[in-house]
Amino acid sequence: MNPEVLLSILSVAEKLKCQTRHCYTSNGRRESVAEHSWRLALMAMLLRDEFEQADMDKVIQMCLIHDLGEAFTGDIPAFEKTDGDRKEEEAALSNWIAGLPAPYGETLSSLLREMHAMQSQEAKIYKALDNLEAVIQHNESDIATWLPLEYDLQLTYGADKVAFSPTLTRLKAEIDQWTQRKIEEAGHHPEDCGNMKGR
């Protein structure tokens with residue numbers, strides 16, 4: 001790769017270290033988009049043997065680039081993001097990719113098309129892990145940082161995305177048990193969560 005091109009791409013990627021997400025880390029600071037993407041890729045690597053028929057190298061690539069658009073727009077929580085926000089992010093990312101020389105632009109475009117289509121096993125694995133990593137991070141954060149709507153969301157977020165995989169369904173169930181323990185230890189009960197309203 002041309003060093004100038006490499007440095008240009010890395011300069012854009014660096015912005016993901018600066019963009020913070022809605023969730024907090026276990027030591028009480030906002031996590032960055034880059035941190036989320038890194039651990040998401042690590043999850044894919046660790047689960048490689050669970051998906052022997054999938055191209056897990058491609059899944060890892062998807063995990064690493066999935067939030068690149070947020071280098072231009074910043075992060076918006078899933079429960080606030082509109083179709084307009086998504087289109088703005090996709091347009092900004094597409095415009096940047098269009099300016100990259102071959103073969104880098106086409107490589108990124110091809111991965112993104114597959115991710116958006118959500119038809120391949122690789123895309124489904126990436127998206128399920130993306131949701132699960134967010135739920136795990138919320139469980140690791142202080143419950144005082146949760147919005148009221150997140151008590152329910154923690155138990156439902158990603159449930160539809162893992163349904164295709166027994167492995168990921170089991171993982172989601174384990175995470176849900178962790179969520180329920182965390183809520184109960186904070187003095188709440190699952191039946192109360194539906195009565196909490198977002199602020």
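Me: In which hand, left or right, does H3 pass H7 in the crossing?

Reply: In this predicted model, the crossing in which H3 passes H7 is right-handed. The contact brings together Met-56, Lys-58, Val-59, Met-62 and Cys-63 from H3 with Glu-122, Ala-123, Ile-125 and Tyr-126 from H7. Sorted by class, the residues of this contact between H3 and H7 are seven nonpolar and two charged, with no polar ones.

Me: At what angle do the axes of H3 and H7 cross, and how should I name the arrangement?

Reply: The axes of these two helices, H3 and H7, cross at roughly 45° and come within 9 Å. Since angles under 35 degrees count as roughly parallel and 65 to 115 as roughly perpendicular, H3 is therefore described as oblique to H7.

Me: How do H2 and H3 pack, and which residues meet there?

Reply: For H2 and H3 the angle is about 170°, and their axes lie 8 Å apart. An angle over 145 degrees counts as roughly antiparallel, so H2 is roughly antiparallel to H3. From H2 come Ser-37, Leu-40, Ala-41, Ala-44 and Met-45, which meet Met-56, Val-59, Ile-60, Cys-63 and Leu-64 of H3. By class, this contact of H2 with H3 holds nine nonpolar residues and one polar residue, and no charged ones.

Me: Which residues of H3 are buried, and what covers them?

Reply: Helix H3 spans residues 56-65, and its buried residues are Met-56, Val-59, Ile-60, Met-62, Cys-63 and Ile-65. Their cover includes helix H2 (33-46), helix H6 (104-117) and helix H7 (121-140).

Me: Is Lys-172 buried or exposed, and with which residues is it in contact?

Reply: A residue counts as buried when its relative accessible area is under 20%. Lys-172, placed in helix H10, is buried because its relative accessible area is 4%. Setting aside neighbours within four places in sequence, Lys-172 is in contact with Leu-132, Gln-154, Leu-155, Thr-156, Tyr-157, Ala-159 and Val-162.

Me: Where does His-188 lie, and how far is its C-alpha atom from that of Ile-65?

Reply: His-188 belongs to the loop between helix H10 (166-185) and helix H11 (190-193), and with a relative accessible area of 23% it is partly exposed. The C-alpha atoms of His-188 and Ile-65 are separated by 37 Å, and the two residues are 123 residues apart along the chain.

Me: What separates the C-alpha atoms of Glu-14 and Ala-34?

Reply: Between the C-alpha atoms of Glu-14 and Ala-34 there is a separation of 8.1 Å, although the residues are 20 residues apart along the chain. Glu-14 sits in helix H1 (residues 3-18), and its relative accessibility of 38% counts as partly exposed.

Technical notes: Residues are numbered from 1 along each chain as its sequence is written. This is a predicted model: local features need pLDDT of at least 70, side-chain atom pairs count only at pLDDT 80 or more; totals for chains, interfaces and linings use all residues. Side-chain values use heavy atoms; hydrogens and water are left out. Buried means under 20% relative accessible area, exposed over 50%, partly exposed in between (1.4 Å probe, protein chains only). Helices (H or I, at least four residues) and strands (E, at least two) are DSSP runs, numbered from the N terminus. Contact means heavy atoms within 4.5 Å. Axes are lines fitted to C-alpha atoms, for helices over the stretch in contact, and angles run from 0 to 180 degrees between N-to-C directions. A crossing is left-handed if the near helix is turned anticlockwise from the far one by less than a right angle, and right-handed if clockwise. Ala, Val, Leu, Ile, Met, Phe, Trp, Tyr, Cys and Pro count as nonpolar, Asp, Glu, Lys and Arg as charged, and the others, Gly among them, as polar.
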